[in-house]
Structure formats: C-alpha cells, structure tokens
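Have the structure open as you read.

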Amino acid sequence: TKWVYAFGGGSADGDREDRNLLGGKGANLAEMAKLGLPVPPGFTLTTAVCTAFYENDRSYPSDLNDQVEDALAALETKVGKTFGDPSNPLLVSVRSGARASMPGMMDTVLNLGLNDETAEGLAKLSGDRRFALDSYRRFITMYSDVVLGVPHATFEEILETFKEERDYSLDTEISAEEWEEVIVEYKAAVKRALDFPFPTDPRDQLWGAIGAVFGSWMNDRANTYRRMYDIPSSWGTAVNIQAMVFGNMGDTSATGVAFTRDPSTGEKGYYGEFLINAQGEDVVAGIRTPQCLTESMRIKMNDHLPSMETAMPDVFAQLTEVFDNLENHYRDMQDIEFTVEQGRLWMLQTRNGKRTTKAALKIAVDMVAEKLITEDEAVLRVDPTQLDQLLHPTIDESYTRDVLAKGLPASPGAASGAVVFDADEAETRAAQGEKVILVRVETSPEDIHGMHAAQAIVTARGGMTSHAAVVARGMGRPCVSGAGEIRIDTEALTFTTRGRVIKDGDIVTVDGATGEVLMGEAPMIKPEMTGDFAALMEWADKARRMTVRTNAETPADVQTAKEFGAEGIGLCRTEHMFFDADRIAAVREMILAEDQMGRVAALAKILPMQRDDFAEIFRIMEDRPCTIRLLDPPLHEFLPHTEEDVHAVAEATGLPVEGLWQRAKDLSESNPMLGHRGCRLGITFPEIYEMQARAIFEAQALVEKETGVKPVAEVMIPLVATAKELEILKVRVEAVADDVDRETGVKPKYLIGTMIELPRAALRAGDIAAHAEFFSFGTNDLTQTTFGLSRDDAGKFLGDYLEAGIFEKDPFVSLDQDGVGDLVKIAVDRGRAARPGLKLGICGEHGGDPASIHFCESAGLDYVSCSPYRVPIARLAAAQAAL
Ligand code: ADP
Ligand code: MG
Ligand code: MG
C-alpha cells in the first residue's frame, strides 16, 4: 500500500479529489502544488494509516517507516537541506488534516528538527541568531504541549516572569542571548515535569509528533466535535509533514490568514489579517493585535497600523492574484493561510471558507451572477440547518441601547441571556432551560460545548479570526470578540466595564452585527425574507419536487408559516384548541358528562369555538390544503386538577363534586400513550368527532361564503391500527359533511385520511388505503411504537445509547431510516398499490430535519410538514434532496 503522498515543486502525487485519503489540508496542498502555486514541499501520511493504526492496536503498518524515510530523502533533495544536519538543517511542520475540517481540534507542531546543534546551524545559515532561537523556543513550547503533554502555561509563566524581571512588555524586546537563557529554563521545566529530557533526535521528534496527531484523533475534544457535527470516527486523520518557511525572519517576513470574500457578510473583497515577524498561529491566537490585509478593511475598522496593501505592496499584489486564481479554481470562497519569508510568498493552506448564513447566501447568489456556478449549485451550497440563523429576530432599531462594551462584530445575530463565565456552567444551565451568554477572556477548543449551549459568546480578547469568532460563526451563535473594555474576574464571577459591575446571572444582550454588548434584554424584531434569501429560495422552489407544509394551529403560527412559504397545513392539532381559558370548562364538562346527552350538550358549547378556530385558519390559508387531525390525546389530559377546577365544573353542570372526582379517577390510565386515545375515542364517543367534523365543514362554508375562496380540508383520523376503525369513522364524518352541505348549501371540499403511526397500520396499509384518501406519517408516534420507546422517558438513557454507539442519532430528531423508514416504505408501497394516487406526507418532527427530508424524497412522499420556523429549512432541504 502507498501510505505516503508527496507534494511540492509544481507537482504532487494526489490532488483535491483525494480528500478522503489525504484529508482536506493534504488534498488542497497537493492541488495548490499542481496549480504551480508556491507551496513549501512536503508529504502526507494518509488517513488509511490512521485507520490501520487504530485497527492494529495503535501500531503502524510495517512498511510505513521505509516509505517515510524515502519521502524524507526526496524532500531533502527538493529543498537542498538535510533533516538533523547541524550545518544545513531541514525543519518541518507536522500538521493534522482530517477529511472534514475540524478547527482547532488537532494541533500543529512547527520548526520540528531543532535541537541545540541544529539551532546553531540555523543561526549561522540565516545570519540571524535571534530568529533561530525564537524558532527553537517556539518549537519546545509547541512540542511539549502537543506531544509531551506539558501544558503551554508552564512556558508562558517562565516567559512572563522573565519579562517582568527585565521590565519588558513585548517578546520582540528579548535578545538572542536572553532567548538562550529562556530555552535552558524551558528544557529544565520539561525535565522536571516528565522525568526525562526534551527529545533531541529529530527522528524521535518526528515520530513523536506523528503519533500525537494520530493519537489526538481519539481525544475527548475531537470526539465531542465529531459527535456534534456527525463526523464518523472511522474517517481518520492524515498527517502532513512540510518543509518550514519562516514568517519570523524580521520585518520583511510575516504570516497571515485571509478569506477571498468577507465571511461575515459575504461582501466581495479580500478580507484578512497578518502579523509582521511572526510565525504560524500567532494571528489566530491573538498574541499580538494583527494588522488588516487591505486598505479598505483598515479604514473600515479604523485601525492605525498600516495594512499589508501599503506595507508590502509587491507581495500583496502577488497574494491577491493567488486569491483570484484559487477562487476561480475552486469556484467557492477560500480560507487561506500564507507566510511571507523575507519578501517571498508561500501558500500554506486553502479550503472552502466557513461563513455565516448571510454570507453563504450572498456568496452563492453573487457567484451565480458572476457565472461561476449555476442556480442548482447555489442551492446545494447553503446548509439548510444554517438558515435557522436568519429566521430569528434582530434587535429593534428604535430601541435605546444601554451599551456595556464594544468589541468586534465577530458573528452576526442577536441574543439575550444570563451571563455565565464557564463553559461547563453554560452547558449545565442551558440544559436546565436557562438562556445563557458565555463571557470569556478568550475561548479554546475546551469551551466548544459551552459555546454550543450558549445563546451568544463574548470574549475580551481575540480578533475577527480568533477561535471564538471562527467557531461561533460556524455554529451560528452571535459573537462579540475582543471586547477589551471588559475585565473578567473569574473568582468573583463578575465583569467590570465602563465603571459598572455585571454579575453572573445578570441579563445582557449581545449584538453580533455591531459588536455591542447591551445591558438587559433588548426587544427583537422579525427578519425580512427578501434579497439573497428570496432569490435562493426561489431557485430551491424550482428545484424541489415535494411540497412543504407546516404543523400549526394558532393563527399566529399559521401566519408565520405562510410567510415562510408553507404551502398548506400538514398537521393541525385540534386538542391544543381545547385548552384555552374560555373553553376548558366546557371541555371538562364534556369529558365528565355521565351520558351521551350530557356530552352532546357540552359539545354544543365547544362547536362554535372550534368553528371559529378553523375559520380563522382557512382565512389565512385560503385554498391551500389543511390537514386537521381529530382529537388524539387521552381524555384525562383535560381533567380538572384542583379543587377550584372541579368546583367550576360542578357549578356549570350541576353535578356533585364527589362524583366528578370519581369520574376523573375512572378515566385515568396506567399507560395513556397506549390507552384510550386517538380514533379509539372516536369509536367510543363518536359525538366528539362528529362535532369536530361539523366545526370543520361549517367553517369551510362560512369562509367560502365570506371570501369566495374554497377552503380545502383534509380530515385526519389518528392512531388507526385497523381498516375497520377508519371505515366506521369515515362513514360518520361523511354523513356530517352531507348534513352541512344540505344546511348551508355549500359542498365542502375535503378528503378523509389517516395518520400512519402504528406499525400495524404501516403493515396493513393496503387495507387501510381502501378507506383513506391520504396517509400522513406520524413519525413521532411511529418511532415510539416501533422502538417500544416512550419519547418522554427516553431522555434518561438516550445519552448512554448514543455514547455506546447503539443509536447514531436520536431517533426522535432524525428518522431511523432502517427500521421506522422500512415501515414507511412498506406503507407507501402497499398504500399506493391499493389506491393509486394516494396522497402521502410526513408530519412528525422529522419533517423539518434535512436528513429525514432526504429520506422522504427517496421514499416518494408528496410533501413534508414541519414547525413554522423550519419551513424554509425544509424547502431548501427538499430541493437539495431532489437535485
Ligand atoms: P490548523 O489546522 O490549526 O490551522 P495548521 O496545520 O494549518 O493548523 O498550522 C498552524 C499554523 O502553522 C498555520 O498558521 C500555518 O500556516 C502554520 N504552518 C504550518 N506549516 C507551516 C510551515 N511548513 N511553514 C510555516 N508555517 C506553517
Ligand atoms: Mg490549530
Ligand atoms: Mg490551518
């Protein structure tokens, strides 16, 4: 097997198509080398090595060593330096690179190959002793931290003390001789911590670093990240070994990161930061404040330091040419790392850049206009779940802001919540339902779970490309970074700013679009669904086959869903309409009635209220189809709970209080989920369903007379297990329709169908379809009944199941395609065989989950239905599924 792939010097063994094998970073380094861009040469140990490593009890393939030695020898020839040679040392970086980019998860080691001798060699060769020792101390710090597990802080403390003693404020004030002293202290610290000295043999260093990269694939951080983003652990990571280039060789050297377009807004124009005389991650780590790449960015940020455009015009021109080249080649916005070594440009990384949703939309739409991509490609470019960000409120413009602090607008959107200073705390409190804002000096990969749990993130330090900014943009959390006015006291759990003290638990609002942190909870307004969003949605609507409906019953929700583009109602839960204050008494009266007469009398009170509810919905939905589910939950859910409730019912009905309590007891069930609910209620108390059917048909007649538009009702009978149940109830509903037709002179336009939510119903779909004009898959209950797992109780052990790998995803969030999905497919086949043209849809939570929507497309459903805020997500996901 070929385990090692070389790149550099205008050619490469692989290219960008080899992403699975070479990882994203390795594949793109190879691609850039092939494009003839200036890439320091190197080689990649493939992801297959990682897989083999874990399959063989953490040992390498036997021929790996030889292949690495060959590649190293070839690299030495290419750059004219020798690994470990004191007179002319080759130094390398060791960089991880998985298939999917996992920012900050895997650590990189730079300047590998240095020891006392090679450091001297580097000093002589470069004629710059300070540079050589600066590289050496960086190497010891990084290697010790990443490979040996001696924390970064150990070295930071030594350095801080050293600087304090000499009254230095910047690292750049430290001389060569002084770095030498620091290095001695560093090495002593490693020896103290580990009981063995810092490794001096470059080959030991190399294999140590390789082992650390492969080892980090299974560390907690990486596991958490993978779980969060559904990345299988079987993918593995690659390791890239690359000849070093140096951004820390004085004032004509620099290192930087850039995006070919603004990742926050999507605006066309280069966007990035750089640092003169610096190495590697200095920019991202926020050690010194970076400078702006372009002059326009500098002006916008009101920065006083010169931009690269003016400070290094020649390299800048070369760099922007590379940007254009890469963007045209990849046909997408690129996120780029580069280094300038004594005026010479080197490309170290490119990848499709992470971006906010707003930027994703703008870039996709702009690129269609630029003829770089097609409309369908644009539709495929935007992650549907990301749309969520846009659909939520921003701060009301007219609100007078009480600004606590201002930082950088690192990730747009706005959110309010209680201040929390710790990631674990954020996670715990969010799990208890509290909205929290995570406030940190800066964030690191250890904070990711807390960032995920928080509504928004604020950091005191760090730039637009800091860890917090990058991760927040990826997660769609509003973020303000580098709010330098904030002084955090993690002991007292407070932060001070502008003379005020904010305590843990105080409510603040974060505006990621302006970079402001506000006191209190600011009023929010609904977003506008226009511009790029509207354009992309139009293309999505053109591309999709399935229609998208909504699950809604209140007029407000129905209206919202319609504005989001819902083409009908897939599920209107009538029982929600029973709880309103003005009707619950009548509902209780109906339930507690001792006989049919009493029930009918109570139902007569409910009828006009239900009719008004439906009329309101029909007015909003006009001629769009509305699936209305007849009463589903067990009656006892509506029972009185307090003395007061019971007395109210007693007064209204004249029934004795005693008797009412007894009746309530009679109705209670030991397992209501599998008890007297759904169509079983309709069989026992047909007058309930008849009242509801009447309310629907009368509402249709009413609205049709009023507006001239004919409403379309789909009357849905829930929890059917047998064809007979449906047959009986259908006859009754039809009879009501005929009555209403006679009484009002308006013939209601309606279908009668059922929800498929029991395995038996799925299996006997053929018989059932004889009486049903449509099926709607109620995948919440179908999941419960297929697994025999109650949704309300699953939470207690679902975590263990996910942990143990028994479930890959929560089956209540993403449809279990193997099991529940099989039942759906069976029902589709048997249903359509019995009744060609049978209308099919899904109305469980899954109707808004992109992966489940893909399944629905392949199962041939006619529509998906989801909660109002997920309608745009479903429209886009349905389009992607169809493309
Ligand atoms: P990450 O995935 O965290 O970005 P990278 O492997 O890209 O890690 O490297 C971290 C930093 O080190 C980046 O700024 C990168 O540009 C720099 N770097 C990596 N390899 C080299 C090299 N051979 N020469 C100079 N700088 C390098
Ligand atoms: Mg890193
Ligand atoms: Mg990188």
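## Around the ligand

Strand 6 (92-98), strand 8 (237-243), strand 12 (334-341) and strand 13 (344-352) each bring at least two residues to the shell around ligand 1; strands here are DSSP runs of E, at least two residues, and helices are runs of H or I, at least four, numbered from the N terminus. This is a predicted model, where local features need pLDDT of at least 70 and side-chain atom pairs count only at pLDDT 80 or more, while totals for chains, interfaces and linings use all residues. Residues are numbered from 1 along each chain as its sequence is written, and chains are lettered from A and ligands numbered from 1 in the order in which they are written.

Ligand 1 has 16 residues around it, with S93, R95, T108, G280 and L348 the closest; a residue is near if its C-beta atom, placed from the backbone, lies within 6 Å. Here's the shell by class:

| Class in the shell of ligand 1 | Residues |
|---|---|
| nonpolar (Ala, Val, Leu, Ile, Met, Phe, Trp, Tyr, Cys, Pro) | 6 residues |
| polar (the others, Gly among them) | 7 residues |

Ligand 1 lies between domain 1 (48-56 + 67-243) and domain 2 (254-355), because both give residues to its shell; the bounds come from an automatic or database domain assignment.

Now the sheet: 5 strands form an open one, ordered 11-10-9-12-13 with antiparallel pairing, where pairing takes at least two DSSP bridges. Strand 11 (291-292) and strand 13 are at the edges with a single partner strand each, so one side of each has no neighbour in the sheet. Strands 12 and 13 pair antiparallel over 8 bridges, and E341 sits opposite R344 in strand 13.
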